[in-house]
Amino acid sequence: MDVPAPGENEKLRRALDYLERFPADEDQGTFEHIVYECCEPSWMAELVHTAVLKVREFAGSGSTYETILTGYYMSQFPLAEGDLVSALRVDRSTYYRKKKEAVLLFGVYFWGQAIRQMRCTLGIAS
């Protein structure tokens, strides 16, 4: 990730603080408003990309999880679930189990590592 311009560093620090500490019971509208207001799209894209890379490294099913996440959630033209089931060559119940696991693992990496990693990379203290 590129080093933020002067003044942007503080904005990024506030954005990362919010993402690390946002209340789980906050409504989706408030969350979206604050994220859109304080986070540059490139910052969020970098965080998501970092988390997906960590998911891909997960032993055993990492590439399957990555395919599900990128194909269903992160593509400009999301694949239908039936197409993903066919592409992965699994039955539907396996697909739904893997999809749930992929989303949970992505959340763990996003909230647990990607944000901290960005702070370290840019030298932004919490």
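Helices, taken as runs of H or I in DSSP with at least four residues, and strands, taken as runs of E with at least two, are numbered from the N terminus. The model described here is predicted, so local features need pLDDT of at least 70 and side-chain atom pairs count only at pLDDT 80 or more, while totals for chains, interfaces and linings use all residues. Residues are numbered from 1 along each chain as its sequence is written, and side-chain values use heavy atoms, with hydrogens and water left out.

**The largest pocket**

A pocket is an open set of points, on a 1 Å grid over the protein atoms alone, with protein on both sides within 12 Å along at least five of seven lines, and its lining residues have an atom within 4 Å of a point. The largest pocket has a volume of about 270 Å³, where a volume is the space filled by probe spheres set on the points. Its lining consists of Gln28, Phe31, Glu32, Val35, Tyr36, Met44, Val48, Phe106, Gly107, Phe110 and Trp111. Two or more of these residues come from each of α2 (28-38), α3 and α6 (92-122), and α2 gives the largest share, five residues.

By residue class, the lining divides into eight nonpolar, two polar and one charged; here Ala, Val, Leu, Ile, Met, Phe, Trp, Tyr, Cys and Pro count as nonpolar, Asp, Glu, Lys and Arg as charged, and the others, Gly among them, as polar.

Helix α3 covers residues 41-56, and its 16 residues reach 22 Å from the first C-alpha to the last, close to the 22 Å expected at 1.5 Å a residue, the expected span being 1.5 Å times one less than the number of residues. Buried residues in α3 are Trp43, Leu47, Thr50, Ala51, Val52 and Val55, where buried means under 20% relative accessible area, exposed over 50%, and partly exposed in between, with a 1.4 Å probe and protein chains only.

In the contact with α4 (heavy atoms within 4.5 Å), Val52, Val55 and Arg56 of α3 meet Gly62, Ser63, Tyr65, Glu66, Leu69 and Thr70 of α4. The residues of this contact divide into four nonpolar, three polar and two charged.

| Residue | Relative accessible area | Class | C-alpha separation |
|---|---|---|---|
| Ser93 | 53% | exposed | 36 Å to Ile34, 59 residues apart along the chain |
| Arg97 | 44% | partly exposed | 14 Å to Glu66, 31 residues apart along the chain |

Notes. On a 1 Å grid over the protein atoms alone, a cavity is a set of points where a 1.4 Å probe fits but cannot get out, and a pocket is an open set with protein on both sides within 12 Å along at least five of seven lines; lining residues have an atom within 4 Å of a point.
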